[in-house]
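Take a look at the model below. Let us walk through it piece by piece.

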Amino acid sequence: MTVITFKKEQFIKFVLMAFALSSLIFLFLIFAFILIEGLPLFHKIGLKNIIFGFKWAPTKGSFGIFPMIVSSFLVTFGALVIGGPMGLSCAVYLSEYSGKKMKMLLKPALELLAGIPSVVYGFLGVIYIVPLVRNCLGGSGFSLLATAIILGIMILPTIISISFDAITSVPKNFREGSLAMGATKWQTIYKVVIPSAKSGIMAGFILGMGRAIGETMAVIMIAGNALKIPTSILDPLRTLTGNIALELSYATGDHRMGLFSTGVVLLVIIMTLNYIANFGIKKKRLK
Amino acid sequence: MKQTARIFYILFLLIGMLTISCGRGSIEGKGNNFTITIAGSTSVMPFTEKLAEYFMLDHPDFVINVQSGGSTAGVQACINKTVDIGMSSRNLKDDEKILDAITICNDGIAAAIHPKNPITNLTMQQIRDIFNGRIKNWKELGWIDRKIDAVTREEGSGTRGAFEELIMEKNEIDDGIMVQDSNGSVKEVIATDPYAIGYISLGLLDERIKGLSIEGISPTVENIKAGKYMIVRPFLYLTNGKPGDKVQSFIDFVLSKDGQKILKKEGLIDIL
Amino acid sequence: MRIRPSTIDKLVRIGFNAQAFFTVSILVVIITIIFFKGFTHVNLEFIFSSPEDMGRQGGIFPSIFGTILLALLSIVFATPLGLGTAIFLTEYTKESAFTKIIRFGVESLAGIPSIIYGLFGFIFFVIKLKMGWSLLSGVLTMTIMILPTIIRTSEEAIKSVPRNLRIVSYSLGATRWETVTKVVLTSAMPGILTGVMLSIGRVVGETAAVIFTMGSSLRLPTSLMDSGRTMAVHFYILAREGISMDKAYATALVLVLSITIINVFAYYIMNKVVSRYS
């Protein structure tokens, strides 16, 4: 190699390294600005008063987001209850029962389901699910139940694809050994395959949780956005994401800082969930 | 394959450069357009949009950009000079009075219910009690045994501010009540849920929802002009100092007979 | 009476079939509703004219244009950054603490929900950098948001290029950069393009991050500092305000159709990769 080519290669490597560092820089910027805007209020009002405060009335000095933290978790739990079993069984079906044709039909269908924007889900939820809940069960329809149903459908693709990966990575001989000992296919699945794929499936569920907690548009259209902790699944509720989205464009001063504080809490919760899930998946891969 | 990728890439770059070089001109290369930026109250916004549409028909060299954001945001944007005109659906607070406020019209706030709901009149106290959580069931008001689905606007909304000031007085709005972030979405909730009640801009009442009389006075433009229906708030255009000629021409249009006619048609109370 | 395991097995099989059918039918129902309620209102006029009366009448051309601009410009910025990062991580360094940190950064970015991107874009680009609600703010925010996707898919694509191709290239005297651009990238291009297409799909469908950075002006954005709407934002506002159900369904149809076409295209390219290597 000539000197010129060497210098050129050095330069290119440097440029590429700078590009690679950009991800870290962006991550830093995002955390920095959200924290810069969100932390001061924790100082001013007190961490306890914000995270455990029950009243959100930012123009009057109350910044309690506890009801929203609870509501976010309730809605996520509901979404898992609805989407989890359905997703898991779909994944089992895809890997153990379906033929090539069904696979060719289901996989694109799932990709499509994942690609539908959340505002469309929210819209359809308002037009169809909310009246359904209202007419069959009561309340205004804008409720924990309706939100859980829509979110459950929205996280299906995530749960299905990760569970599918986990299940298919269970070695073939596990299954063959079980069948050889006289177990039926179903017995093999629930006694051997699923327990082996447990950590991957859990990771899928946790990632699904992360998605549900972070969902914004569909939730503000369906959940009703009331500020109290819901006492029944038919009550309206407000999530952390909803709080931010509803008031961001209106807020100034302390009110705006309060929304960033909400963002800080949200960020902490989601990043924790993501790290737990990724750790689980990596552990599975290392096995 | 690499060739096609290269071509796509160059295409993207060209489009990018085209956009950047466009500057503030229009895409047909018409040359100098004058842009007015207006932002603020979500209540005032649709009417400003309508006025802008008419104005731009007669003045094709104007481009009027209307953003929402809420009354408070409109005030802030005006103070920071990031917009030409700020829109507000509530009166200015003391520390905001450095801005000039022009009342373009008045707007009534009506309590509204679904057409199927047989109730036609409520007292102020009853409305207060509904929104403050003391009255929870329609049977307490003479209808069927069913929970009231009340809906309010979010904190920071000018409409909510006016509602709290003029009707709620010192009572607080209950935490368990649903919140929506615009007049339109409140209207949607009321129009689709027979057991709902909310408050919206008078101009939005139509056959899909029913306005309630308060203390026997029905929410109509006549009653407001006669001073009988008192739940009224001004729609304000805010400027920071004297506006330039171009901006002023739009404001003049809004205050003119034609502009006021448009607002009147929309159900607002003109100020002529 | 004990039920025979083989009977349970058969029942379970039927159960699973029904289950899969149910899941697919959810999708079918969604697509059918949008299609049938929307397509009567989608015509050439709808696509090419501007909205009137807040969107009750007229078309959605400015939103379509805004969507295209946002998506394309975001790709223009994100692809070099993302591809460069992927190339760096795979071709230019060995696995080390440094690369682990960078991967950590990428994974973290991938996990951040869109409302946080909206919050960040709002405070950083719109307010602090004084760009206001504009196409530029939107583009910069979306660039960061799709960066992890581009990096991940590009890395996968580059890693799946067989080693011997590189070895042959080096043995012929090519430099690293020449090998990367002339050999590795050409083979990996379909995979990389798939990632690009998927990212475009993501930008088109995104609302929370866009509405707080690009704004919601109804006018046609003609410069980078103009505000504008994307189809998703326009649809959200139409639906939420109850402005026009017909127009809402029509917008939803155009939106979902666009994303479907983009995804199908991505799939098509991806399949070409599979067929090439099998």
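This is a predicted model: local features need pLDDT of at least 70, side-chain atom pairs count only at pLDDT 80 or more; totals for chains, interfaces and linings use all residues.

Strand S4 (residues 100-113) of chain B is joined to strand S8 of chain B by 5 bridges, and the two run antiparallel. Two strands pair if DSSP finds at least two bridges between them. Strands here are DSSP runs (E, at least two residues), and helices are runs of H or I with at least four residues, numbered from the N terminus. Ala111(B) has Tyr199(B) in S8(B) as its bridge partner. S8(B) also pairs with strand S6 (residues 149-153) of chain B, in the parallel sense, over 3 bridges. There, Asp149(B) is bridged to Ala196(B).

Residues are numbered from 1 along each chain as its sequence is written, while chains are lettered from A and ligands numbered from 1 in the order in which they are written.

Now turn to where chains meet. In chain C, 63 residues are in contact with 66 residues of chain A (C-beta atoms, placed from the backbone, within 7 Å). H1(C) gives the most to the side of chain C that touches chain A, with 15 residues. That side has 43 nonpolar, 15 polar and 5 charged residues. Ala, Val, Leu, Ile, Met, Phe, Trp, Tyr, Cys and Pro count as nonpolar, Asp, Glu, Lys and Arg as charged, and the others, Gly among them, as polar.

Technical notes
Two residues are in contact if their C-beta atoms, placed from the backbone, lie within 7 Å.
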